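The sequence and structure come first.

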Amino acid sequence: VPSILRNTTGVRSVHEDVKIEKLTTHTPDFLGIPAHVWPRLGGVEGAGEGIVIGFIDTGINPNHPSFMTSSSLGFLNSTKFKGKCDTGELFPSTACNGKIVGAQYFAHGAIANGEFNATRDVSSPYDADGHGRQLTNTIYTCSSHTASIAAGNHDIRVIVDGFDYGAASGMAPGARIAVYKALYTFGGYMSDVVAAVDQAVEDGVDILSLSAGPSSVPSGDSAFLDVLELQLLFATKAGVLVVQAAGNGGPSSSSVISFSPWITSVAASITDRKYNTTIVLGNGQSFTGTGLSPPTDGEIDFNIAAAADVCVRNATIITVDSCQNPESFIRPLVYRRLIICTYTFEYEYEAASIATVADTMMEIGAAGFIITLDPNIGPEALWEYYNANTIRDKRGQAVAFAAKARILDGRQAIYTGQAPVVASYSSRGPDVKNALMQTVDVLKPNVMAPGTSIWAAWSPDSEGDKYVKGQSFALISGTSMATPHIAGIAALIKQRHPKWGPDAITSAMMTTADRTGHSGAPILAESSNELIQATPFDFGAGSINVSQAMKPGLIFNVTFKHYVQFLCAVPGIDVKSVKKAVGVACPTKNKFKCSDLNLASVTISNLVGKRKVIRYVKNVTHKEKYTVHIKEPLGVNVTVVPESFRIKRRGSRRLKLVFEAIEATNAYTFGEMVLKGKKHIVRVPLAVYVGSASSS
């Protein structure tokens, strides 16, 4: 059948329908948006006005206050958006209320593969899912959550279980929302996601937020020729900025699942907001650790018992210590006690989870639980206090528990003022071009935004996570949460500069991003067991600086023609495959190298001898003089011509960079090119792998 289809008139290519994985109260302030950006756009209500952000995800809950229309919203001032509203179960015609301007759902692929359940998955754009977990490089999310981060209404109270966590706001509260539901409880299928992308582009969205991607590098000659990557290329050609989650496979190298240079791939950071819970022992000592927890009942102390001391005899010690199975415990010994559970490596590899601990404690009737390190790793005051107040028989078994403690309220946030840190789960570069994991001259991810512990809207009917079922807000982490931050910020930039294309917006975000914190110290990244200095493979160009992205000074433009030249230059790609995929033939004499693509970064995956790289910059503000400063990657000599230049308004300048390998590093090293003007600083990250110091 595939061979018959390939030879049918009107069929460009045939792809297997593969499975697709689903991948705020403080972040506007953390990013400086209310003070430095919204006032420039007419105030909070007008921030994002006239811009439509499309979300390909799990649908939306139109009844949520984050998406309600208001008298200040007004009529959508867009001549090109022509979306429609699919009505259906839980989604009446009134659901498209002016804030939500389009809503459709796509399930033909899921139905054909026998996974769509109309009762469970809801045959309408309504969000009945609501995923909030992370499994390896799988992305789980929900449209209600992501849409409210990007474009949710301003000053919406976040109340969960009767506690007020503050007021939430989207990055662009005045922007409109168009939802394209193509993901469900089981994930989704490529054919449905591609159909959703195609419809969003045809409808005329300005920004496309995609918190979904493959679970691994696509098979075939190149990831860039995968059906989704190509569909997103055509979206970019149509003027739609595509923002995609980089993936949740970090900190492993080359774990990004957003590959192509025409996509803005987003890494996730930790902000300075912390939720800490304090435990007060019976002897007056107190300990504070990370946790979002209400206090124990009353202001009384509860007896403490270690999990290993209150378990049945035939229970395996690892399962008991991690508190994953209620059948492991002796019920009378755990009732109304605080149970000490041990953090084991099972948590790191997801064989154990804190959510399961909570389930276990609830089922066995414990008053609460404390997760701490194994006492064998080193002395720890909690264990010392517990052991000193626990009576044991000759066999070492606990027979009386005198240690006591209480847990204080941990729901009040504290703000440390620290710089963003790359989250451990955020997928890392270098980018790869195929399933053989061969690297390519493209920097991924592109930019970083907050993604850890993000409060945002939730659908109370969601079946994806029982711990937030029935709630209107959820606290979730992932690159899926970072992605709508960038989508909303892109809407603000698009509003300020309506004629800018996707390339200009991405360039503005990258060249103005922060590599250091307020103190000037480099941004750090969570590694497997320590904090290390972050590199462009961790955070791309850096952490988003919204205020500066609105006025970048210089931009790097890229057109569809350039992307085709890039595809033609990728080693291993047959030129006939490119023409078949994009409908444009490769140049007969193509001297273009992948590193020549006019991106706001330079990546060379194998430098041997010398490499000349050309970049063109365009001035988007007043006449200015720039001087070039280079921080060279280790083992590389870099020269730039010219070393300084004047550029008039709307003028362009050509920069010739020459990279010379002077020492074989057999590893990527990093540097940057900085163009310093009187009013603007333009930063371009450099990533180079030196394979040989001699030319061939």
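## A salt bridge between Arg406 and Asp301

In this predicted model, Arg406 and Asp301 form a salt bridge through their side chains, with an N to O distance of 3.4 Å. Arg406 belongs to strand S21 (residues 404-407), while Asp301 sits in the loop between strand S15 (286-290) and strand S16 (302-306), so the pair ties together parts that are 105 residues apart in sequence.

Both partners have intermediate accessibility. The relative accessible area of Arg406 is 26%, which makes Arg406 partly exposed. Asp301 is also partly exposed, at 33% relative accessibility.

## Other salt bridges

The structure holds 15 salt bridges. One of them joins Asp206 to Lys80, whose closest N and O atoms are 3.0 Å apart. This pair links distant parts of the chain, 126 residues apart. Asp206 is in the loop between helix H7 (190-203) and strand S9 (207-210), and Lys80 is in the loop between strand S2 (52-57) and strand S3 (100-105). How accessible is Asp206, buried or exposed? Asp206 has 7% relative accessibility and therefore counts as buried, the cut-off being under 20%.

Elsewhere, salt bridges link Arg515, Glu672 and Arg683 in a network.

Strands S19 (residues 390-392) and S20 (residues 398-401) run antiparallel and are joined by three bridges. Within this pairing, Ile391 stands opposite Ala400 in S20.

Five residues lie between the two strands of this hairpin. In the turn, Gly396 has a positive phi of about 90 degrees.

## A four-stranded open sheet

Which strands make up the open sheet, and in what order? There are four, arranged S29-S31-S35-S33 with antiparallel pairing. Strand S29 (554-555) and strand S33 (636-641) are the edge strands, each of which pairs on one side only. Strands of a sheet pair through backbone hydrogen bonds, either parallel or antiparallel.

Inside the sheet, strand S31 (residues 610-619) and strand S35 (residues 652-661) run antiparallel and are joined by nine bridges. Lys612 has Val658 in S35 as its bridge partner. In a regular strand the side chains alternate between the two faces of the sheet.

Gly250 is placed in the loop between strand S11 (241-245) and strand S12 (264-270). Gly250 counts as buried because its relative accessibility is 19%, and the cut-off for buried is under 20%.

Which residues are in contact with Gly250, leaving aside its neighbours within four places in sequence? They are Ser255, Ser424, Tyr425, Ser426, Ser427 and Arg428. Gly250 and Asp538 are 8.8 Å apart in space, C-alpha to C-alpha, although 288 residues apart in sequence.

Definitions and conventions
Residues numbered from 1 in each chain as written. Predicted model: local features only at pLDDT ≥ 70, side-chain atom pairs only at ≥ 80, totals over all residues. Heavy atoms only, no water. Buried < 20%, exposed > 50% of the residue type's maximum accessible area, 1.4 Å probe, protein only. Contact = heavy atoms within 4.5 Å. Pairing = 2+ DSSP bridges. Salt bridge = Lys/Arg side-chain N within 4 Å of Asp/Glu carboxyl O.
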